Amino acid sequence: MNDTAPDTIFMKIIRREIPAEIVYEDDETIAFLDSNPATKGHTLVVPKEFSENIFDIDEEPLTAVMRTVKKIAPAVRDAVGAHGLHINSNHGSAAGQVVPHLHIHLIPRHSRDEFNFWPQQHLSTADAAAIATAIREKIG
Ligand code: 5GP
């Protein structure tokens, strides 16, 4: 654990200073139930080494997080009798990130639930080409 890391609510969970329903843990990651679930079984996967989000995390801890996501996703789905799940993550306050410690949401979904996730917009061919070109140029 990084001693200089910001003292986020998730750091407190990692250090067992506040309660959480921890469902999985290994040397690099921890997974626990979201305290305000979008759907039943909503689980968060968090790296123990602090990173704020995708923009500052190193590849190794991110890989560890995704390994844990892959490991526990079937259990999260099956434990609540769901048929699928969202793997979602917010990066930056503009994207809805409230807790400034990288986390992946696993949100179980049932075939006929009422949960509505993405609004969809029209994308013109010209806009798609311009946006894709800009992204490719930024990737370099
Ligand atoms: P974000 O909006 O940052 O992507 O998601 C943060 C998530 O953390 C939210 O879904 C919120 O319910 C959850 N959360 C915030 N504080 C706590 C807490 O103290 N314990 C747990 N288990 N979850 C929390």
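Before anything else, a definition: a residue is buried when its relative accessible area is under 20%, exposed when it is over 50%, and partly exposed in between, using a 1.4 Å probe and the protein chains only.

Hello everyone, and thanks for coming. What you see above is a predicted model, in which local features need pLDDT of at least 70 and side-chain atom pairs count only at pLDDT 80 or more, while totals for chains, interfaces and linings use all residues. Residues are numbered from 1 along each chain as its sequence is written, and side-chain values use heavy atoms, with hydrogens and water left out.

Let me start with the overall layout. The protein has three helices and five strands; these are DSSP runs, with helices being H or I of at least four residues and strands being E of at least two, numbered from the N terminus. Reading from that end, the order is α-β-β-β-α-β-β-α. Along its principal axes, the C-alpha trace spans about 50 × 40 × 25 Å. The protein has 140 residues, and 34% of them count as buried.

Now to the ligand. Which residues come nearest to it? They are D34, N90, G96, V98 and H103, out of 16 residues around the ligand; a residue is near a molecule if one of its heavy atoms lies within 4 Å of it. By class, this shell has eight nonpolar, seven polar and one charged residues. Here Ala, Val, Leu, Ile, Met, Phe, Trp, Tyr, Cys and Pro count as nonpolar, Asp, Glu, Lys and Arg as charged, and the others, Gly among them, as polar. Helix 1, residues 9–14, and strand 2, residues 29–33, each supply at least two residues of the shell. Helix 1 gives the largest share, with three residues.

Let's look at some distances. In the side chain of D34, an N or O atom is 2.4 Å from an oxygen atom of the ligand. For G96, a backbone N or O atom lies 2.8 Å from a ligand oxygen atom. V99 also takes part through its backbone, where a polar atom is 2.9 Å from an oxygen atom of the ligand. On its own, the ligand has 520 Å² of accessible area, and the protein covers 81% of that; such areas come from the Shrake-Rupley method with a 1.4 Å probe, and for residues only the protein chains shown count as cover.

Is H86 buried or exposed? H86 counts as buried because its relative accessibility is 16%. This histidine is found in strand 4, residues 84–88, and a polar contact of 2.7 Å joins its side chain to that of R109. A polar contact means a pair of N or O atoms within 3.5 Å; within protein, one must be able to donate a hydrogen and the other to accept it, and residues adjacent in sequence count only if both atoms are side-chain atoms.

Next, the loop between helix 1 and strand 1, which covers 22–25, is where we find R16. R16 has a positive phi of about 60° although it is not a glycine. Most residues other than glycine have a negative phi. R16 is partly exposed, since its relative accessibility is 47%. E17 is found in that loop between helix 1 and strand 1 too, and counts as partly exposed because its relative accessibility is 47%. The side chains of E17 and R15 are joined by a polar contact of 2.6 Å.

S35 is in the loop between strand 2 and strand 3, residues 43–47. With 67% relative accessibility, S35 counts as exposed. Its side chain makes a polar contact of 3.3 Å with the side chain of N36.

Last stop: where is Q121 placed? Q121 is in the loop between strand 5, residues 104–109, and helix 3, residues 125–139. Q121 is exposed, as its relative accessible area is 77%. Q121 and T63 are 58 residues apart in sequence, and their C-alpha atoms are 31 Å apart in space.
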